[in-house]
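Q: Please take a close look at one part of this structure, the place where the chains meet, and follow it into the elements behind it.

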Amino acid sequence: MTPPARPDSSPPSYRGGVFDRQDTLAKLLIAPAVLYIVAMIGAPFVLAVLYSLSNATTGDPSLHLVGLRNFTAALEDPVFRLALRNTFVFTLLSQSIVIILSRILANALLKPFRGKWLVRFLILLPWTAPISLGTIGWLWMYDSIFSPIDWVLRYLGMLGTATALLGPQTNMYWLGVPGLAIASVILVNVWRILPLATVIQLGGLSSIPRDLIEAAEVDGASPWRRTLMITIPLTLPIVSIAFLFGVVFTFTDLVVVYVLTRGGPVQTTQVLSSWTFFKGIEAGDLAQGAAISLFMFPVLAVVAIFILRLARRTEVV
Amino acid sequence: MGRVEIRSVSKKFGEVRAVDHVDLATNEGEFLVLLGPSGCGKTTLLRMIAGIEIPTEGDFIIDGRVVTDLPPRMRNIAMVFQSYALYPHMTVYKNIAFPLRARGVDEGTVRKKVEWAAGMFKIGRLLDRKPRELSGGERQRVALARAMVREPSVFLLDEPLSNLDALLRTSAREELRQFQRRVGVTTIYVTHDQVEAMGLGDRIVVMSQGKVRQVGTPMEIYQHPADTFVATFVGSPPMNLLEQEHEDVLLGFRPETFMPSDAVEGSEGVVTYPFEVTYLEYLGAERLVYGNVGEKSHGRHVVSRLPGSLTLPLEAGKTYPFAVARRDLRRFDKKSGLARPGSVV
């Protein structure tokens, strides 16, 4: 038997490891996130601002500040102005269509029916495919000679005969005619965001308590009134989030335009991100590219603020 | 105005019959309570009257008009949901105004009626608030006001008091009863709480497994239960049921009628049992005495409820002579559970 230990004058002081000190631990755990934001978002952003104020090129990326020359030059360029307009038009049009279609889809998916899981799966599928691959698929759909869309139109007698609705030519040349090219780009953007928006809308709709809808029914509200007065107001925050997410994705997207049209025909489908790429990387004018891309910043900043606000509002309700 | 007839209504969910051939009719201005354990079909029946559930068979007639195929908004009924179902994005004013605006009532009339309904339920000062800023009791009043504002011919209530705390529930019950008397609208009220049912109902409909077991005044239900289900579901503690030797009959009597034999008197005589006390509960106003009667081999468990004023000393483990007056005895068929008419023994 060991003799009883000599009583200590002070209780054994246990200094816990780092995991016991909450403030140190907190700093440690948040550090990777801070590092990531500084290195991958903060630094490139500062660099972009500096480049936009310089005359750097891919051949000579040294910084010689030249003031706002790049911005004024961009604004005077008609292609830039077209790209700016296109970016807004493509984004707002495609996302408005997305909101309407996703609401219809979500409503349909709320009802129980056979094979529902299959339909859900198929709707979500585009979201899981890489954008570039999906867009290449669309490139084939829009092919100037072998387009399956044109096949179908010819088969239906809407194309390729003297009396056909869409004209006597055998092909539509989807990506070769300015109006059609714009519509094609918008359609692909709709196709791309629709799955996400549908899932978000589905979540929003199924979060409305059944009681509320039934109460409105008993209170005498017609289906229209129930939609306008109950369903839409209650899902507005989450629908807005779906809309703003779509806006961010579409507003900054390069792939769809780059793969489908490269901005053509004659720059009519050019958007800010594609124009940035062509100017800054392919033409080598880093400074111009940086200036063009910075025009996206105010819009995205405003959208981000809205998303944060809405996210807080949905938390409260 | 306000007569609801239910003709042979059934509702199936898959293979389950939630409501099974129910026939029922309310009187005008009556307060009718649907009482039963959860899953007995009472809420489904109410929802079918409202029109938010479609019956598998049978018909609903409100004021002489078959409404079975009409949507809820064409039935002129109002309903208060268990959750109250207040529209969370609307103020109290807009909540109450909703049924009126849905009917295209002009704004001047809407204002007058909303203020009338709010005054009736004393919620005038809450009109600018949102539901989430209200207490449970206030929400319940708003739900009632929203239901009443359109002056419906039938008023449906689905356990409207179950979300209130016990103290509030008692006062809300009393208010609800007085209010219903004042406006005189036919009311159908669903609850699983027999105290609510007894206190509120002009008549009570006891339901179990989708079927109506008994329809009657609270007194009829309590005093003359139609079967052993009603006898044991209504009353707390439930009616004692004693098996009889040599007879396929169950003898029923309420715990408060089973007393020490000295305290029992009956013009038609009494039945006395040796009562072996096993357990006592002192509840202040009353004492509950649990024990067995008759020979041990039969082990027949009964409860006696003694008023607090009866201070007779009783001890567990001892046997006392207890008795029931013959007029308080009820007889039930052992197989079917149905009450047998006629006098006892």
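A: **The contact between the chains and what lies behind it**

In chain B, 17 residues are in contact with 16 residues of chain A, where contact is counted if the C-beta atoms of two residues, placed from the backbone, lie within 7 Å. The model is predicted, and local features need pLDDT of at least 70, side-chain atom pairs count only at pLDDT 80 or more, and totals for chains, interfaces and linings use all residues. Residues are numbered from 1 along each chain as its sequence is written, while chains are lettered from A and ligands numbered from 1 in the order in which they are written.

On the side of chain B that touches chain A, strand 6 (77-80) and helix 2 (92-102) of chain B each supply at least two residues; helices (H or I, at least four residues) and strands (E, at least two) are DSSP runs, numbered from the N terminus. The residues on this side of chain B comprise 13 nonpolar, two polar and two charged, with Ala, Val, Leu, Ile, Met, Phe, Trp, Tyr, Cys and Pro counted as nonpolar, Asp, Glu, Lys and Arg as charged, and the others, Gly among them, as polar.

Helix 2 of chain B also packs against helix 3 (residues 107-120) of chain B, at an angle of about 125 degrees and with the axes 10 Å apart; axes are lines fitted to C-alpha atoms, for helices over the stretch in contact, and angles run from 0 to 180 degrees between N-to-C directions. Helix 2 and helix 3 of chain B are therefore oblique to each other, since angles under 35 degrees count as roughly parallel, over 145 as roughly antiparallel, 65 to 115 as roughly perpendicular and the rest as oblique. Helix 2 of chain B passes helix 3 of chain B in a right-handed crossing, a crossing being left-handed if the near helix is turned anticlockwise from the far one by less than a right angle, and right-handed if clockwise. From helix 2 of chain B, B:Y93, B:I96, B:A97, B:L100 and B:R101 meet B:V110, B:K113, B:V114, B:A117 and B:A118 in helix 3 of chain B. This contact between helix 2 and helix 3 of chain B has eight nonpolar, no polar and two charged residues.

In chain A, helix 3 (residues 78-110) and helix 9 (residues 223-251) pack at an angle of about 145 degrees, with their axes 9 Å apart, and the crossing of helix 3 and helix 9 of chain A is right-handed.
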